[in-house]
Amino acid sequence: MTARAADVFRWLREGVLKTAIGGCYGFDRAGEAHADLQSGTTTGKLLLQPGH
């Protein structure tokens, strides 16, 4: 598993894998993030961040 994780991080650095951030939510807005995710209207990953 460690070797596979190293591959994934290498691919991210090399640009082989690309990630899209669809939104950032504070922990106090986790319910909103969940609703947005369930609605199917979001694209990319949704991040929960403390103090955001």
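Me: Happy to dig in! What should I keep in mind about the model?
Reply: This is a predicted model, where local features need pLDDT of at least 70, side-chain atom pairs count only at pLDDT 80 or more, and totals for chains, interfaces and linings use all residues. Residues are numbered from 1 along each chain as its sequence is written, and side-chain values use heavy atoms, with hydrogens and water left out.

Me: What makes α1 a helix, and how does its span compare with the expected one?
Reply: Helices (H or I, at least four residues) and strands (E, at least two) are DSSP runs, numbered from the N terminus. Helix α1 has 13 residues and reaches 18 Å from its first C-alpha to its last, close to the 18 Å expected at 1.5 Å a residue; the expected span is 1.5 Å times one less than the number of residues. After α1 comes Gly15, with a positive phi near 85 degrees.

Me: Why is the contact between Asp7 and Arg10 called a salt bridge?
Reply: The term asks for a side-chain nitrogen of Lys or Arg within 4 Å of a carboxyl oxygen of Asp or Glu. Asp7 and Arg10 meet at 3.0 Å, N to O, so the pair qualifies. Asp7 also bridges to Arg4, where the closest N and O atoms are 3.5 Å apart. Both Asp7 and Arg4 lie in α1, three residues apart, about one turn of the helix. As a rule, an α-helix has 3.6 residues a turn, so residues three or four places apart point the same way.

Me: Which other pair forms a salt bridge with Arg29 in it?
Reply: That is Arg29 with Glu32, whose closest N and O atoms are 3.0 Å apart. Elsewhere, salt bridges that share partners join Arg4, Asp7, Arg10 and Glu14 into one network. The whole structure has four salt bridges.

Me: Why is Leu12 called partly exposed?
Reply: Buried means under 20% relative accessible area, exposed over 50%, and partly exposed in between (1.4 Å probe, protein chains only). Leu12 has 33% relative accessibility, so it is partly exposed. Arg29 at 31% gets that label too, and so does Glu32 at 38%.

Me: How do you know that β1 and β2 are paired?
Reply: Two strands pair if DSSP finds at least two bridges between them. Five bridges join β1 (residues 21–26) to β2 (residues 45–49), so these parallel strands are paired. Gly23 has Leu46 as its bridge partner in β2, while Gly26 stands opposite Gln49.
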